[in-house]
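This briefing covers part of the strand architecture in the structure shown below. It is set out by topic, for reading alongside the coordinates.

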Amino acid sequence: MRNIIAGNPFSCLLKVLTGLVLICTAAACSKDQAALNPDLPVSRLLVSNAITDSVSNGISLYNPADVVPLGNESGFNMQNPFPTGIIYDQMDNRGFQFGSLSKTIKSFSVNTDGTLRFLNSFTDTLITDGRALAYNYFNKSLYITSTADSTLLVYANANTKIGSATSSDSIKLSAKPFGVFYAKGRVMLVMGEDRQILVSEPSVLDSAASNAQSLIVNEAVLLSGIWYDVDRDLLFLTDLGDQANASDGAILIIEGATAKIAAGGTVSPDRRISG
């Protein structure tokens, strides 16, 4: 399985292929972001490879990523076996990768020549089933979904953590969270088989989701990944579909997402890409 994070100024793609899960998230570059990192192109693609040893390349970088076929691939060994999640923040030029065997979160930056530079790492042995990552650039908080025990973990000041660490907050949920995204002061969670999206400020999120906005996605089977395009108000979801059918996955796209989430209830995707 591979989790992918991509920089793409035009769109976000989440696609499920035979034996391969691609979670592509757009690191769209605004004028302010470009000023912070003017030499970082937004067409590079980072792939977290689910290797099970410390000698294989755990991250692949494709440059450029906005061409077909993809550009040249470079491999990097982060010595972080069996990674299950990766996120990259263009504004901070910092990425995080979670290794499920060691329960270690390693961070890195992307050099202007496309190579990666290790920054720091910390280990939390209490993580049960870490899956997806999201990052708040403004307060440097890292969010990790732990699916098996229905938990959202929060790590404050993740950019400076080293050694052994525990989460700053552990939020128990009523369903199993798969994907997570952070935007505009709120976390967006997809709750797997419940076909549910929860949106809430992290500080008021609780197991009853009493302060969260909720939306059920019709036609979905097993929601896994989530990405929100703030500028276009588009919500992209990965539906893994029937796990017995390798070609059953889809990308679900919801337009005008803000109003639909606020209204709650159920919604049907405006667009669906299967393959």
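Predicted model: local features only at pLDDT ≥ 70, side-chain atom pairs only at ≥ 80, totals over all residues.

- Four strands form an open sheet in the order 11-12-13-15, and their pairing is antiparallel.
- Strand 11 and strand 15 (169–172) are the edge strands; each has a single partner strand, so one side of each lacks a neighbour in the sheet.
- On average, neighbouring strands of this sheet are turned by 20° against each other, with direction ignored.

**Strand 11 and strand 12**
- Six of the seven residues of strand 11 (residues 130–136) are buried, so the strand is mostly covered, where buried means under 20% relative accessible area.
- Strand 11 runs antiparallel to strand 12 (residues 141–146), and five bridges join the two.
- Across this pairing, Leu133 is opposite Ile144 in strand 12, and Tyr135 is opposite Leu142 in strand 12.
- The hairpin of strand 11 and strand 12 has four residues between the strands, and Lys140 takes a positive phi near 65° in that hairpin.

**Strand 16 and strand 17**
- In a regular strand, side chains alternate between the two faces of the sheet.
- Strand 16 (residues 180–183) is covered on both faces: Val180 and Tyr182 are buried on one side, and Phe181 and Ala183 are buried on the other.
- Four bridges connect strand 16 with strand 17 (residues 186–190), and the two run antiparallel.
- Ala183 is opposite Arg186 in strand 17.
- Two residues lie between the strands in the hairpin of strand 16 and strand 17, where Lys184 has a positive phi near 55°.

Key. Residues numbered from 1 in each chain as written. Heavy atoms only, no water. Buried < 20%, exposed > 50% of the residue type's maximum accessible area, 1.4 Å probe, protein only. Pairing = 2+ DSSP bridges. Axes fitted to C-alpha atoms, helices over the stretch in contact; angles between N-to-C directions.
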